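Dear colleague,

I am passing on the structure we spoke about, and below it you will find what came out of going through it. Please read the notes with the model open beside you.

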Amino acid sequence: MWEHRLIERMIALLSSELDAFTQTNVFHLDFLRQAIDFLRTYADKTHHGKEEKIFFRELFNKPLSPEHRRILNELIDEHETARKLVASLDQAVREAEPQKQANAQTISELVRGIVDFYPCHIKKEDQVIFYPAQDYLTKDEQDNMLAEFWEFDRRLIHEKYQEIVSGMESRLKA
């Protein structure tokens with residue numbers, strides 16, 4: 001859950017950027033590109049990745065209550081919603097770059113969607129599934145998941161930058 005606190009800090013920054021936009025009608029595209037990278041790499045690949053590939057996997061193997069099983073499925077759907085919002089924001093920022101503010105309204109709506117989405121999603125994870133999940137998992141299972149989380153994080157940074165270099169090499173060959 002401590003990862004949620006860092007995501008909340010980014011969401012607060014996005015909210016501030018949105019407030020500044022309403023005053024100036026200008027988005028800081030460099031800031032938005034960094035926020036998109038954070039949301040894709042940290043919030044989605046790192047945080048949601050661990051949830052989906054480790055935490056939820058373990059929970060789905062348990063005799064969950066129908067309510068908890070439903071919530072896990074909702075959370076997976078919400079992760080996909082977040083991915084789509086961030087992908088759409090990325091596309092809008094890319095399209096805005098040549099004109100600098102051609103897509104300001106679209107960007108504003110997408111940032112608002114992200115700012116509105118994450119607090120509710122995080123609250124659901126924190127309060128509705130994470131604490132009850134401890135009742136389904138033994139101490140050893142929780143410890144094993146933590147070790148798997150650390151290994152997941154360790155591999156992720158290498159995967160990210162291997163993809164970047166491979167993509168750059170492909171563009172040079174084209």
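Asp30 and Arg33 sit 3 residues apart in helix H2, about one turn of the helix (helices, H or I of at least four residues, are DSSP runs numbered from the N terminus). Their side chains meet in a salt bridge at 1.8 Å, N to O, a salt bridge being a side-chain nitrogen of Lys or Arg within 4 Å of a carboxyl oxygen of Asp or Glu. Asp30 counts as exposed at 52% relative accessibility, whereas Arg33, at 33%, is partly exposed; here buried means under 20% relative accessible area, exposed over 50%, and partly exposed in between, with a 1.4 Å probe and protein chains only.

Before going further, please note that this is a predicted model, in which local features need pLDDT of at least 70 and side-chain atom pairs count only at pLDDT 80 or more, while totals for chains, interfaces and linings use all residues. Residues are numbered from 1 along each chain as its sequence is written, and side-chain values use heavy atoms, with hydrogens and water left out.

The structure holds 22 salt bridges. Another of them joins Arg5 to Glu8, with the closest N and O atoms 2.7 Å apart, and both of these residues lie in helix H1, 3 residues apart. The side chains of Arg57 and Glu148 also form a salt bridge, at 2.9 Å from N to O, and this pair links distant parts of the chain, since Arg57 belongs to helix H2 and Glu148 to helix H5, 91 residues apart. Arg57 is partly exposed at 32% relative accessibility, and Glu148 is partly exposed at 30%. There is also a network of salt bridges that links Glu67, Arg70, Glu74, Glu78 and Lys124.

Leaving aside neighbours within four places in sequence, Tyr118 is in contact (heavy atoms within 4.5 Å) with residues including Ile7, Leu39 and His48.

Conventions: Helices (H or I, at least four residues) and strands (E, at least two) are DSSP runs, numbered from the N terminus.
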